[in-house]
Amino acid sequence: AGIQWETIQPEKIKVFAFEEFQGKKRWELAEYITTQWPDRNKYHVPGIEYWKYIFENPAKAPDSLKNGNWYFFFGSIFRNSDGYWDVPSASWDGSEFERDGNWLGGGWHSVDRVVLVEK
């Protein structure tokens with residue numbers, strides 16, 4: 001929403017595993033982050049705009065996003081052609097980001113991470 005991503009210091013991009021949500025639905029984690037998590041007011045929840053930025057500017061993406069985990073951008077959701085609600089996600093494959101939209105009703109796994117931006 002008008003954020004100039006190139007001006008955001010890389011150390012402000014934070015990654016969280018939320019291990020206590022493994023096996024729970026992604027939508028449950030999204031709800032927790034935005035309504036119940038005690039630190040929710042310390043962070044912006046980036047969505048498809050930051051997801052797009054890292055694909056277009058992989059050299060400017062922080063190294064913390066380049067280790068093979070799947071990173072979720074809960075600030076946006078979209079409906080796929082099958083009618084399911086998805087959340088934008090990305091994973092570094094060693095030379096570029098793979099991008100995807102993963103079902104919001106799917107489970108949270110040990111390789112999944114949430115991307116947040118410190119205010």
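**Asp-93 and its loop**

I began with Asp-93, which sits in the loop between β5 and β6; helices (H or I, at least four residues) and strands (E, at least two) are DSSP runs, numbered from the N terminus. The model is a predicted one, where local features need pLDDT of at least 70, side-chain atom pairs count only at pLDDT 80 or more, and totals for chains, interfaces and linings use all residues. Residues are numbered from 1 along each chain as its sequence is written, and side-chain values use heavy atoms, leaving out hydrogens and water.

The Asp-93 side chain reaches the backbone nitrogen of Ser-95 at 3.0 Å. I also looked up Gly-68: it is 25 residues from Asp-93 in sequence, yet their C-alpha atoms are 6.2 Å apart in space.

**Asn-69**

Next I went to the loop between α2 and β3, where Asn-69 has its place. Asn-69 is buried, with a relative accessible area of 13%. Its side chain makes a polar contact with the side chain of Asn-67, at 3.2 Å. A polar contact is a pair of N or O atoms within 3.5 Å; within protein, one must be able to donate a hydrogen and the other to accept it, and residues adjacent in sequence count only if both atoms are side-chain atoms. Setting aside neighbours within four places in sequence, I found Asn-69 in contact (heavy atoms within 4.5 Å) with Ala-90, Ser-91, Trp-92, Val-111 and Arg-113.

**The cores**

Which residues touch the most other members of the largest nonpolar core? Of its 16 residues, they are Tyr-50, Ile-54, Leu-65, Phe-73, Ala-90, Phe-97 and Val-115. Such a core is a set of buried Ala, Val, Leu, Ile, Met, Phe, Trp, Tyr and Cys residues joined through side-chain atoms within 4.5 Å. At least two residues of this core come from each of α2 (48-56), β5 (85-92) and β7 (112-118). The most come from α2, which gives five. Apart from this core I noted another, of 15 residues, among them Phe-21, Ile-33, Val-87 and Val-114.

**Aromatic rings**

I then turned to the rings of Phe, Tyr and Trp (its six-membered ring), which pair if their centres lie within 6.5 Å; planes under 30 degrees apart count as stacked, over 60 as edge-to-face and the rest as tilted. The count comes to 17 aromatic pairs. Phe-21 and Tyr-32 form a tilted one, 5.1 Å centre to centre with 40° between the planes. This pair links distant parts of the chain, 11 residues apart: Phe-21 is in the loop between β1 (13-16) and α1 (26-35), Tyr-32 in helix α1. Phe-21 is buried, at 8% relative accessible area, and Tyr-32 is buried at 17%.

Trp-51 and Phe-55 have ring centres 5.2 Å apart and planes at 85°, so I wrote this pair down as edge-to-face. Because they are four residues apart in helix α2, about one helical turn separates them.

Key
Buried < 20%, exposed > 50% of the residue type's maximum accessible area, 1.4 Å probe, protein only.
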